Amino acid sequence: MPLYYDDDQTMLADTAGQFMAEEGSIKNQLRHWRDRDCKDGFGHGLWQQFAEMGFTGILVDEDDGGLGMGQVEANIVLEEIGRNLTPSPFLSSSVLAATALKHGSNDVKGRWLPSLLSGEKVYGVAIDEGRKHRPETIACKAEKSGNGFKLSGKKDFVVYGASSEMIVVAARTSGSDSDRDGVTLFAVPQDAAGMSHDSVRLVDSSMASHITFDGVELDGDAVIGEVDGGREVLDAMLVAGRVGSAAEGVGVARGAMDMTVDYLRQRKQFGKVIGEFQALQHRASHLYSEVEIARAVTIKAAQLVDGGSEKADLMASVAKAKVAKVAGLAVREGVQMHGGIGMTDEYDIGLYMKRDRALQEFLGDQYYHTGRVAELSGY
Amino acid sequence: MSDSDLEAFRAETRAWLEANCPPEMREPVRDEDDIYWGGRNATFKNDAQKSWFEACRDKGYTVPAWPKDYGGAGLSPAQAKVLREEMAAINARPPLSSFGIWMLGPALLHFGTEGQKQRFLNEIARGEIRWCQGYSEPGSGSDLVSLQTFGEDKGDHWVVNGQKIWTSYADKADWIFCLVRTDKENKYQGITFMLYDMASEGVATKPILLISGNSPFCETFFDDVKVPKSYGEDVPAQVGEVNRGWDVAKYLLGHEREMISGADGGNTGTIGAALARANGDIDPVLRAELAQFDVDALAYGAMGEKFLDEIKVGKAHPAQPNMMKYAGTELNKRRHELMMAAGGSHALEWESEETSGGKPSRNWLRTKANSIEGGTSEVMLNVISKRILDLPGA
């Protein structure tokens with residue numbers, strides 16, 4: 001498969017690009033909700049529009065009412081989300097939770113998919129425990145209790161958790177904390193007794209929850225996939241989420257770079273446009289080169305996911321690590337090249353820096369994924 | 001061509017390679033003479049090299065994508081990719097390497113007359129003539145267009161005087177494709193892309209000893225060299241129009257940059273696992289750097305693939321080879337720095353048998369030229385600024 005978009009994908013990119021630039025713009029969404037101190041951190045109206053465009057079900061099989069598309073298509077939407085800093089539950093709901101639900105029974109799908117597809121509800125995922133992403137270790141416990149389970153423990157960095165109608169929770173049903181086996185995924189409804197959210201605003205104005213499960217009673221049909229066999233589904237979620245967040249990072253990097261290069265073409269000092277200075281030109285050109293490479297490896301990783309390749313896991317980490325490095329460079333260079341104005345809240349470049357910071361942490365930062373590349377390569 | 005046709009071609013190719021590529025030609029390249037460069041004075045290192053070359057030559061596989069009339073096999077891009085893949089799968093060495101294949105050939109295919117193509121392309125494909133490239137001059141490196149080697153018009157011939165530098169393998173080459181100024185008043189439109197015999201009277205070459213201890217480049221001197229304007233009917237001595245050689249040169253630089261970039265994955269693969277195996281105890285900080293490198297290398301590999309895919313369908317930005325050259329050569333330099341670091345004192349050995357005559361250190365030094373030859377990294381960044389980012393005054 002060639003590493004560029006086919007006609008349908010190009011059309012989707014045009015549609016999503018135009019939609020996000022208009023409806024999902026920084027002014028209409030990020031600033032709008034932030035300046036009103038919105039407790040959701042995103043707009044439900046826009047989520048409805050996502051549903052009308054079909055985006056909410058982009059990864060959901062056609063038989064289940066979705067578009068039945070792949071990671072490449074989800075990434076196309078995510079890149080535009082990143083470019084416009086559109087606050088959206090798309091990554092959590094339509095990529096991560098949707099990937100989990102794909103592995104659920106028909107009952108599970110029937111219960112949760114319709115209101116995801118309709119844009120009525122959003123879903124979250126609870127994977128991390130502690131400050132860093134370490135999904136190899138899962139301590140949060142679900143013990144057998146009658147016909148169901150009793151869930152206890154803590155989860156962190158549950159993005160848009162407090163606004164989520166349902167949260168996919170990775171919990172331990174057997175074995176010790178760092179065992180690969182013995183993990184089970186649960187669909188935990190928002191109103192479950194014993195679940196409490198400590199919802200906090202993050203640097204990028206999004207919201208994330210620390211969640212405490214205090215003996216939360218779940219019946220057997222809350223299980224997604226097999227009891228004790230959740231690791232494979234979790235792995236699929238992680239690969240999709242990492243490649244997806246890489247795509248959003250590419251969008252952030254491109255958005256910041258485009259804005260900065262525009263600024264270099266306009267800002268005048270010493271009687272000339274600062275883009276004439278070679279010191280800045282070379283840095284901008286280096287950035288361009290890195291962003292192109294980050295984008296290429298992200299498309300590659302998405303294609304490998306869609307092809308079910310055994311290399312998808314490795315390339316997901318490569319993409320996540322590379323994009324993190326490059327998007328970090330893009331936002332730092334962006335703020336620096338904007339000079340003083342780059343430090344003001346009024347200018348958007350700082351918003352890119354904030355979003356990048358949050359995205360870096362999501363599902364593993366560049367250090368985690370770089371280390372993972374070494375491990376998967378055998379050293 | 002349908003997928004099933006392509007699969008049939010793959011099966012056929014695999015069988016052909018099995019029958020024609022000797023086991024010795026599937027070993028990694030260790031020495032310079034493991035590669036056959038062709039030319040009037042060429043000798044084969046062994047029978048295997050000879051039979052592999054001749055089999056490919058007769059099949060058109062020294063230049064598989066060139067038309068059959070010009071010595072190629074007329075393969076479609078998809079077929080050529082299959083052949084590359086199948087050759088890579090058995091680690092087959094290239095049957096013939098030359099600047100004729102990489103550089104002059106593409107220029108002739110694009111700008112040459114039918115007569116030039118018939119003669120020169122066939123000679124290249126059959127490994128009969130080895131070419132060298134006369135571009136840089138002592139005073140014209142990054143600012144190539146300032147070149148001063150001059151060809152004085154004498155009616156039916158030119159008389160060429162001047163000096164070239166960094167002429168790769170000029171001392172071994174039979175012919176040269178050379179940028180010669182033919183109009184002193186016109187900077188860009190005063191250069192002619194000339195072809196002439198290195199055996200002509202007045203041509204002299206002198207190898208340049210590099211920090212690697214090798215001499216792949218020469219200084220080349222032209223002292224009243226008589227270059228006929230024509231080599232026969234429809235075979236002019238210049239490619240493109242007289243005084244319009246800069247267009248050809250720019251086109252070729254794109255090719256050269258693409259080649260040096262390693263976009264085909266040639267010299268930018270991962271190293272962490274191999275170095276850890278070979279050198280045992282790896283310092284954790286070095287391990288981290290190796291992992292960072294591998295991330296960049298794998299990402300660049302995807303970029304190379306994307307770039308080649310886009311080139312094929314004309315989707316790549318015309319200045320993208322500059323970006324590829326910049327990123328690829330910087331990556332390769334870093335790669336060799338890390339190989340030296342992981343290799344420790346072993347990698348310092350300059351003449352030992354263990355290191356095949358100082359391979360690690362000589363290769364490390366050689367890579368320093370990657371970001372200089374074919375346009376420096378700094379020039380690449382200038383070009384990206386101007387042609388891709390559209391920054392003013394670049």
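This is a predicted model: local features need pLDDT of at least 70, side-chain atom pairs count only at pLDDT 80 or more; totals for chains, interfaces and linings use all residues.
Chain A is assigned three domains, with domain 1 at residues 7-122, domain 2 at 125-228 and domain 3 at 232-377. UniProt annotations, from an unreviewed entry, cover parts of chain A. The feature "domain: Acyl-CoA dehydrogenase/oxidase N-terminal" is placed by UniProt at residues 7-120 of chain A. Over this span the chain is 66% helix and 0% strand, with the end C-alpha atoms 31 Å apart. Residues 140-214 of chain A are listed by UniProt as "domain: Acyl-CoA oxidase/dehydrogenase middle". In residues 140-214 the content is 0% helix and 61% strand, and the end C-alpha atoms lie 11 Å apart. The UniProt annotation "domain: Acyl-CoA dehydrogenase/oxidase C-terminal" covers residues 229-375 of chain A. Residues 229-375 are 79% helix and 3% strand, and 23 Å separate the end C-alpha atoms.

The centres of domain 1 and domain 2 of chain A, taken over C-alpha atoms, are 22 Å apart. Their contact involves 21 residues from domain 1 and 16 residues from domain 2 of chain A. On the domain 1 side, at least two residues each come from α2 (26-35), α5 (90-102) and α6 (106-117) of chain A. The greatest contribution to this side is that of α5(A), with 5 residues. By class, the domain 1 side that touches domain 2 of chain A consists of 11 nonpolar, 5 polar and 5 charged residues.

Two of these helices, α5(A) and α6(A), also pack against each other. Their axes come within 11 Å and cross at roughly 165°. Because of this angle, α5(A) is roughly antiparallel to α6(A). The crossing of α5(A) and α6(A) is left-handed. From α5(A), residues A:Ser93, A:Ala98 and A:Leu101 meet A:Val108, A:Lys109, A:Trp112, A:Leu113 and A:Leu116 of α6(A). The contact between α5(A) and α6(A) has 6 nonpolar, 1 polar and 1 charged residues.

The crossing of α7(A) and α10(A) is left-handed. On α7(A) the contact residues are A:Ser245, A:Glu248, A:Gly249, A:Val252, A:Gly255, A:Ala256, A:Met259 and A:Thr260, and on α10(A) they are A:Ile349, A:Tyr352, A:Arg355, A:Asp356 and A:Leu359. This contact comprises 6 nonpolar, 4 polar and 3 charged residues.

Chain B is likewise assigned domains: domain 1 (3-97), domain 2 (131-244) and domain 3 (261-388). Taken over C-alpha atoms, the centres of domain 1 and domain 3 of chain B are separated by 26 Å.

The contact between the chains takes 34 residues from chain B and 33 residues from chain A. Four helices of chain B, α7 (272-279), α8 (284-312), α9 (320-343) and α11 (377-388), each supply at least two residues of the side that touches chain A. Of these, α8(B) gives the most, with 15 residues. The side of chain B that touches chain A divides into 19 nonpolar, 6 polar and 9 charged residues.

Conventions. Residues are numbered from 1 along each chain as its sequence is written. Chains are lettered from A and ligands numbered from 1 in the order in which they are written. Domain bounds come from an automatic or database domain assignment. Two residues are in contact if their C-beta atoms, placed from the backbone, lie within 7 Å. Ala, Val, Leu, Ile, Met, Phe, Trp, Tyr, Cys and Pro count as nonpolar, Asp, Glu, Lys and Arg as charged, and the others, Gly among them, as polar. Axes are lines fitted to C-alpha atoms, for helices over the stretch in contact, and angles run from 0 to 180 degrees between N-to-C directions. Angles under 35 degrees count as roughly parallel, over 145 as roughly antiparallel, 65 to 115 as roughly perpendicular and the rest as oblique. A crossing is left-handed if the near helix is turned anticlockwise from the far one by less than a right angle, and right-handed if clockwise. UniProt positions are given in the numbering used here, feature names are shortened, and annotations may be inferred rather than shown by experiment.
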